[in-house]
Amino acid sequence: MLKKLLKLTVSVSVLMFLLAVTVCAQTMYIANVKDSVYLRKAPASDAYYKTIPVGTAVNSIGWKRGSDGVGYNQVEYKGQRGWVKTEYLSKNKPGSGTTMYIANVKDSVYLRKAPASDEHYTTIPVGAAVNSIGWKRGSDGVGYNQVEYKGQRGWVKTEYLSYGASSSITASKAKEIVRSKKKLGSSSQITAKDMGSYYQINVRTPFYDNGHKEWDEYSCRIDKATGNLYAEAG
C-alpha cells in the first residue's frame, strides 16, 4: 500500500512539473547578436550542443543564474534542450517593428544600453535605418526609442529619429537650390553650414550705393529631407 502511495505521489509530482513547464513555456526569439548564439549544455558552460541563428524562434521553459553571475534561459530548439544567455532573447521577433531613420543630428548618435545611460554599444550614423520596437521615458525626463541596428538592440533619443528616409542633399546641392529659387547671379556669395537635419544658408549679394560697393545679406534654411527652403531672415 505504501509503495503504491509513493508511486502515485511521484507520478502526480512529475505530472505537475510537466504541466508547470507547459504553462510557463514561452516563444522567444534570438536577438541582440550579429549572427548566432550557443545552445549551451549548462548555464555558464563553455560546452554547447549547437548554434542558433539570430531571429530564430525558441521555446523558453526556465531560467537560472549561472556561476558567472549572468542569467540564462533554458530553451528548446529543434528538439534539443539547452541554455541561452537571457540577454540574447526577446519577446519580439527581430524586424517586427517600425523602420525609422537617424536624423536631426550632424554625424551620429549613441546606441545606448538603457534610457538615459551614458554607456553605449556603438554609434549610428545620421541617415541610417533602424528598427524601432518600443519607447520609454528615461530618468532624465527625455523620451527614448528601443531600436535594433545591425543585430544589436539598444536605445536612441526619440528626438534623433524620423519616419522619413534621410535625403542625399549635399551642401553644394543646397546652395544650388537657393541660387535657383532666389534667382541669384554668380556675384552672390553663398555659404552652407551643416546643422544636422538642415543646412543654414547665408547669402551675400553686392550692390552699389553712390558708387560704393555694399552687401545685401540674408539667411535661410534648406531641409535635408525635402529640399524645401524656409525660415528666411534678413
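Hi everyone. The chain averages a pLDDT of 83, and 83% of the residues score at least 70; pLDDT is the predictor's confidence in each residue, from 0 to 100. This is a predicted model, in which local features need pLDDT of at least 70, side-chain atom pairs count only at pLDDT 80 or more, and totals for chains, interfaces and linings use all residues. Residues are numbered from 1 along each chain as its sequence is written, and side-chain values use heavy atoms, with hydrogens and water left out.

Let's start with confidence. Helices (H or I, at least four residues) and strands (E, at least two) are DSSP runs, numbered from the N terminus. Over residues 14-23 pLDDT stays under 50, and the model has 2 contacts for them beyond four places in sequence. Contact means heavy atoms within 4.5 Å.

Now to the inside. The largest nonpolar core has 13 residues, and Ala174, Val178, Leu184, Ile201, Val203 and Ile222 have the most contacts inside it. By nonpolar core I mean a set of buried Ala, Val, Leu, Ile, Met, Phe, Trp, Tyr and Cys residues joined through side-chain atoms within 4.5 Å. Buried is under 20% relative accessible area, exposed over 50%, and partly exposed in between (1.4 Å probe, protein chains only). At least two residues of this core come from each of α2 (171-181), β16 and β17. Another core, of 12 residues, lies apart from it, with Met100, Val105, Leu111 and Val156 among them.

Back to valine 178 for a moment. Beyond its neighbours within four places in sequence, valine 178 contacts Lys183, Leu184, Ile201, Val203, Cys220, Ile222 and Leu229.

Is asparagine 73 buried or exposed? Asparagine 73, in strand β5 (residues 71-77), counts as buried, at 8% relative accessibility. Its side chain makes a polar contact of 2.9 Å with that of serine 60. A polar contact is a pair of N or O atoms within 3.5 Å; within protein, one must be able to donate a hydrogen and the other to accept it, and residues adjacent in sequence count only if both atoms are side-chain atoms.

Finally, two backbone details. Most residues other than glycine have a negative phi. Alanine 44, in the loop between β2 (36-40) and β3 (48-53), has a positive phi of about 70°. Asparagine 210 has a positive phi of about 55° and sits in the loop between β16 (198-209) and β17 (212-223). Alanine 44 is partly exposed, at 24%, while asparagine 210 is exposed, at 72%.
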